[in-house]
Amino acid sequence: MGKNLLKYIIIGLIVVVHIIPFYILINLSFKGAGDVGSKWIPAQSLDFGNFMDVWREAGLGKAILNNVIITGIVLLLVIVIGSIAAYPLARRRTRWNNFIYTVCISCLIIPPLTILVPLYKLVVDLGGINTYWAISLAQVTFALPMTIFLYTGFISGIPKELDEAGVIDGCNQYSIFFRLIFPLVKPITATIIILIGVQVWNDYQFSLFFLQQKSIQTVPVVLSMFISQFQSNINWVAAGCLIGMLPITVVYLFLQKFFIKGMADGAIKG
Amino acid sequence: MNTVETKKSVNANRMALRQPNALQKVFLSPKALNLMYVPALLLFALFIFYPMVKGIRISFTDWDGYSPSFNWVGWDKYTQMLTDKKIFITLKNTLIYGFGSTIFQNLLGLIYALFLDQKLRGVGLVRTIVYLPVIISPLIMGYIWYFFFQYDGGAINDIRILFHMAPSDWLSSGPVAVNIITFVNTYQFMGIAMIIYLAGLQSIPKDYYEAASIDGARWFDRFKSVTLPLLMPSITINVVVNIIGGLKLFDVIVALTNGGPGYASQSLSTMMYNLYFARQDAGYAAALGNVMFILIGIVSLTLLRMLRKREVSM
């Protein structure tokens, strides 16, 4: 019992240490301009004024909407393009297809930033600056290696007898995929939605380069601009950060089992 | 009338299905299945391979990033790196961000995982809270930690003042700022390492430990001879994922120091960004991008090879 007590004290300590940054953030965002005491001292009153001011001043509503639109487009495309690409790679293991698979997977280690200059020029030439499609397609491309990797692994695990049964029932090779295989890949699709969804939702680099008009900017970009403008108003900065992280945090707290499992799956199979 | 015609067309369709024409035959051949990955390949070609080739070309020019004219300058942009004083500190910082965060994320992740791999209440809560930063934008994480390290009214200086110590301007010193950035990156992503180690620990069969206990092995011996070798696959994943993440670090640096003071905490990523968008030296930025690509490739593949060799099968 005494031994366990020590362990519970350690658990308590870990929880406190890891929660402190969030305590400071939340505390700061509630403090009014006149409340200049230490960041550690709880706010004198629960004042929602900062949130209202920041919401209006930074235009976070529109930014969140842009996040939803871009993340939605990317997820839809990455699931469709990734899963159909994975099917031949999993089922027709020819030497050529193995080569294609290796090419797809090696794209995993390419950080988009290393090709920033030519990529930015390409998007400018295509007229894609400040458009939903350019940022979405770029995000899809860099999310595809992981997606193809996970789908190929998962589809390889589905018994081939299923395909053979499909042939007997008169399916062609495409309807086998769409009618028999695709309904079965739901678990890995959930993993991909979480893995890629978090990545795209929080993306700062692509958004910073490709979205230069306020009306199309996402939360991280809007927030960074707002903060560089109002750096001295630390309570506004905190309120902005809190609003910015709230949507995904709420989803995480409700679906945390899927998040933790999904992220671990993605990495372990990677 | 209508139904008859519909029936006719349905029949015609059936006939067509039974006797595929030449085009359909090609379409239904096993090789044609490969068409399904063409959309993905087109995207790779457009947004990765074409820019990569183009990036190599740009790195041999003095292009400023927007004007239509430029000159070919050969290897100038690469030799320029060798004489650029900033590049050494930048490279050093990049390596600290990469290896520093990797070491601490793995050490802390492993310690946390070993501790959480017990039947205790509150383990789930710890997991949820330690993992929370992983899903938050690194930019926001950087701003949150700024509240701690800022000079005036910073949360840490408040504590120093409480203990009658002089407040310190943490982020005004380059080396300290580099350590702080490494720390923030570690704090944010150690949850991933923790979860992967936890999954790895839970997949080790319990009778391995029992066998070791019967042989009289102590905790540390068991850890060294059973846990660690069987955890190698998890170590490989964590090290490779963390090193790539650390070497390309960008958002946290922008939020905390923007590479400053001066350029003392900049990484290859932020340096490249500034060269391109602030200093209009696209040629140099492209050359730097290529160097960064090669650096990340070599470091991650070497580590992958080294670690894979040490993996044993259960």
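## Close-up views of a predicted two-chain model

B:Leu82 sits in helix 4 (residues 76-83) of chain B; helices (H or I, at least four residues) are DSSP runs, numbered from the N terminus. This is a predicted model, in which local features need pLDDT of at least 70, side-chain atom pairs count only at pLDDT 80 or more, and totals for chains, interfaces and linings use all residues. Residues are numbered from 1 along each chain as its sequence is written, chains are lettered from A and ligands numbered from 1 in the order in which they are written, and side-chain values use heavy atoms, with hydrogens and water left out.

**View 1. B:Leu82 in helix 4 of chain B.** Is B:Leu82 buried or exposed? B:Leu82 is exposed, at 64% relative accessible area. Here buried means under 20% relative accessible area, exposed over 50%, and partly exposed in between (1.4 Å probe, protein chains only). B:Ala177 lies 95 residues away along the chain. The C-alpha atoms of B:Leu82 and B:Ala177 are 25 Å apart.

**View 2. A salt bridge joins B:Asp281 and B:Lys77.** The N to O distance between these side chains is 3.3 Å. This pair connects distant parts of the chain, 204 residues apart. B:Asp281 is in the loop between helix 13 (268-277) and helix 14 (282-309) of chain B, while B:Lys77 is in helix 4 of chain B. A salt bridge is a side-chain nitrogen of Lys or Arg within 4 Å of a carboxyl oxygen of Asp or Glu. B:Asp281 is buried, at 13% relative accessible area. B:Lys77 is buried too, at 10%. Over all chains, the count is 4 salt bridges.

**View 3. A:Asp53 and A:Arg56 pair within helix 2 of chain A.** Their side chains form a salt bridge of 3.4 Å, N to O. Helix 2 spans residues 49-58, and the two residues are 3 apart, about one turn of the helix. A:Asp53 is partly exposed, at 25% relative accessibility. A:Arg56 is exposed, at 59%.

**View 4. A:Asp125 and A:Lys121 form a salt bridge.** Their closest N and O atoms are 2.8 Å apart. About one helical turn separates A:Asp125 and A:Lys121, because they are 4 residues apart in helix 5 (residues 116-125) of chain A. A:Asp125 counts as exposed, at 53% relative accessibility. A:Lys121 counts as partly exposed, at 21%.

**View 5. The largest nonpolar core has 194 residues.** Such a core is a set of buried Ala, Val, Leu, Ile, Met, Phe, Trp, Tyr and Cys residues joined through side-chain atoms within 4.5 Å. Which residues touch the most other members? They are A:Leu60, A:Leu144, A:Phe210, B:Tyr131 and B:Ile135. Domain 1 (2-58) and domain 2 (81-309) of chain B both give residues to this core, so the core lies between them. Domain bounds come from an automatic or database domain assignment.

**View 6. A:Leu60 and its contacts.** Contact means heavy atoms within 4.5 Å. Neighbours within four places in sequence are left aside. The partners of A:Leu60 are then A:Val54, A:Trp55, A:Val219, A:Val222, A:Leu223, A:Gly240 and A:Ile243.

**View 7. The two domains of chain B.** Taken over C-alpha atoms, their centres are 45 Å apart. Domain 1 of chain B brings 4 residues to the contact, and domain 2 of chain B brings 5 residues.

**View 8. B:Ile103 in helix 5 of chain B.** Helix 5 covers residues 85-116. B:Ile103 is partly exposed, with a relative accessible area of 49%.
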